[in-house]
Amino acid sequence: MAEQGCGAGRTGGALLALLLALAALVGCGAARPADPALREVQSLLDRHAEALLDRDETAWLAAADPSYAPAARTEFRRLADVPLAGWSYRVTGVDRTGGDRLTARVERGHRIAGYDRGALGAGRVVDLVERDGRWYVTGERPAGGAPVRLWDQGAVTAVRGARSLVLGVGQDRARLTEIARLADRAVPAVDAVWSPGWARRVLVLVPASLDDMGGLLAVDGSQYRGIAAVTTGETDHRADAPADRVIVNPEAYGVLGDFGRELILTHETVHVATRAHTSPATPVWLSEGFADWVAYRDTGRTPAEAAPELRRAVRAGNVPAALPEDADFGFGGDAEALARAYETGWLACAMIADRWGGDRLTAFYRETGAHPGRDGAVESALRKVLDTTPERFTADWRTYLRQELG
């Protein structure tokens with residue numbers, strides 16, 4: 001029987017010794033010696049990061065090849081208003097592209113002061129050239145499929161609110177100040193129903209266009225047409241996770257009235273607050289419905305006023321048979337169907353709050369998110385928190401829709 005190992009069969013002693021020696025040099029998964037340039041490039045980029053944090057433009061440009069210096073200077077100045085607490089590069093590999101040139105694969109991270117506990121990273125590709133025994137950067141760009149950062153799109157303007165930081169590109173300061181004011185109002189509104197356990201502050205990014213919003217999300221921006229804002233964040237609940245970012249679509253946000261703008265920013269702030277208790281076990285109808293319930297809570301709007309698409313369906317006799325699936329919340333499809341999905345999730349949460357109380361609704365949200373997986377999560381939370389079953393809950397909810405919208 002042949003032995004497993006580098007494809008060699010059983011051999012005589014001398015030949016085996018030779019094969020083992022060769023394996024030590026070239027085979028059996030032995031790591032190749034690292035290119036010494038990797039360490040040199042890492043050292044160069046470490047100095048580059050330190051220069052940025054020190055706001056030392058001369059030291060920052062010392063890492064740049066003359067051909068890249070104008071672009072490097074532009075990036076440095078675009079970042080002038082961004083309150084950075086950290087900027088780092090981690091070189092994961094280098095590829096020689098010529099005798100004196102290479103491309104480095106890099107994870108670049110940054111931290112916003114007062115918001116990020118850990119670095120928000122993204123893959124980058126850095127091109128370098130060697131001159132007189134030193135490496136210089138000749139270019140830098142996002143890795144394939146990686147997001148761009150706001151400062152890649154233009155000079156950043158920062159507006160600091162009492163409970164918020166708004167970073168914008170291509171926006172006048174008055175617009176950013178208005179967003180900060182509404183974000184400041186959203187924080188206590190959310191904290192009134194979801195406290196303690198969140199940072200009580202909001203970081204908002206406002207790009208110049210819908211396409212630029214797509215760049216921040218590393219997607220085609222057209223799928224967010226008509227969506228006024230989204231919230232991004234890490235779902236692994238690390239203690240050193242970076243802060244969530246609320247990303248505003250300037251086109252859709254711009255056509256909203258005062259009420260709609262405040263509603264949107266409160267809704268997105270709920271996502272920021274509930275991130276640590278939102279998991280793969282949480283259905284989208286619950287996460288979106290809860291966010292809408294908080295946003296509408298003190299507005300005085302009735303279900304008939306706030307759920308026009310669902311109202312039309314109910315009055316036509318088309319009462320939903322079941323709560324919406326996650327796929328019903330996909331962007332880029334039927335706008336009316338998407339609106340009905342949001343309205344349906346909101347009224348499911350509103351029914352819980354009306355019948356069992358707001359405290360039970362928040363407990364239901366937390367219990368669902370704490371379940372080890374999607375299967376059985378809602379059923380278990382219904383039983384433990386509301387003492388009901390999915391069948392009874394669905395029947396009660398359908399009755400509630402008829403009462404409120406019929």
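Modeller: A cavity is a set of grid points where a 1.4 Å probe fits but cannot get out, and its volume is the space filled by probe spheres set on those points. Please keep in mind that what we are looking at is a predicted model. In this model the largest cavity holds about 50 Å³ of space, and the structure has one cavity of 30 Å³ or more.

Biologist: Which residues line the largest cavity, and which element gives the most to that lining?

Modeller: The lining consists of Trp87, Arg108, Gly109, His110, Ala122, Arg124, Pro147, Arg149 and Trp151. Strand β2 gives the most, with three residues, and both β2 and β3 (120-131) supply at least two. Sorted by class, the lining of this cavity has four nonpolar, two polar and three charged residues.

Biologist: Let me step back to the whole chain. How many helices and strands does the chain have, and what percentage of its residues is buried?

Modeller: There are 15 helices and nine strands in the chain, and 48% of its 406 residues are buried. The C-alpha atoms fill a box of roughly 85 × 70 × 35 Å along the principal axes. If we take the contacts with a separation of 6 or more, 64% of them are between residues 24 or more positions apart.

Biologist: How should I read the pattern of buried residues along a helix, and which residues of helix α4 are buried?

Modeller: The general idea is that an α-helix has 3.6 residues a turn, so residues three or four places apart point the same way. In helix α4, which spans residues 69-78, the buried ones are Ala69, Ala72, Glu75 and Phe76. These residues lie on the same side of α4 because they cover an arc of only 125° around its axis. The partners against which the buried residues of α4 pack are α2 (36-53), α3 (57-61), β1 (84-98) and β2 (101-112).

Biologist: Which members of the largest nonpolar core touch the most other members?

Modeller: That core has 110 residues, and Leu167, Trp285, Trp293 and Phe364 touch the most other members. Helix α12 (residues 335-356) gives the most to the core, with eleven residues. Tryptophan 293, leaving aside neighbours within four places in sequence, is in contact with Val193, Trp346, Cys349, Ala350, Ala353, Gly358 and Leu361.

Biologist: What should I look for in the backbone angles?

Modeller: Most residues other than glycine have a negative phi, and most peptide bonds are trans. Against that background, aspartate 132 has a positive phi, near 55°. Aspartate 132 sits in the loop between β3 and β4 (134-142), where its relative accessible area of 83% makes it exposed. Alanine 218 also has a positive phi, of about 60°; this residue belongs to the loop between α6 (210-217) and β8 and counts as partly exposed, at 36% relative accessibility.

Biologist: Which two residues does a cis peptide bond join?

Modeller: The cis bond joins serine 195 and proline 196, with omega at about 0°. Proline 196 is in the loop between α5 (173-191) and β7 (202-206).

Notes
Residues numbered from 1 in each chain as written. Predicted model: local features only at pLDDT ≥ 70, side-chain atom pairs only at ≥ 80, totals over all residues. Heavy atoms only, no water. Buried < 20%, exposed > 50% of the residue type's maximum accessible area, 1.4 Å probe, protein only. Helix = DSSP H or I, 4+ residues; strand = E, 2+ residues; numbered from the N terminus. Arc of directions from axis to C-beta. Contact = heavy atoms within 4.5 Å. Core = buried A, V, L, I, M, F, W, Y, C linked by side-chain atoms within 4.5 Å. 1 Å grid on protein atoms, 1.4 Å probe; cavity = no way out; pocket = protein on both sides within 12 Å on 5 of 7 lines; lining within 4 Å. Nonpolar A, V, L, I, M, F, W, Y, C, P; charged D, E, K, R; others polar.
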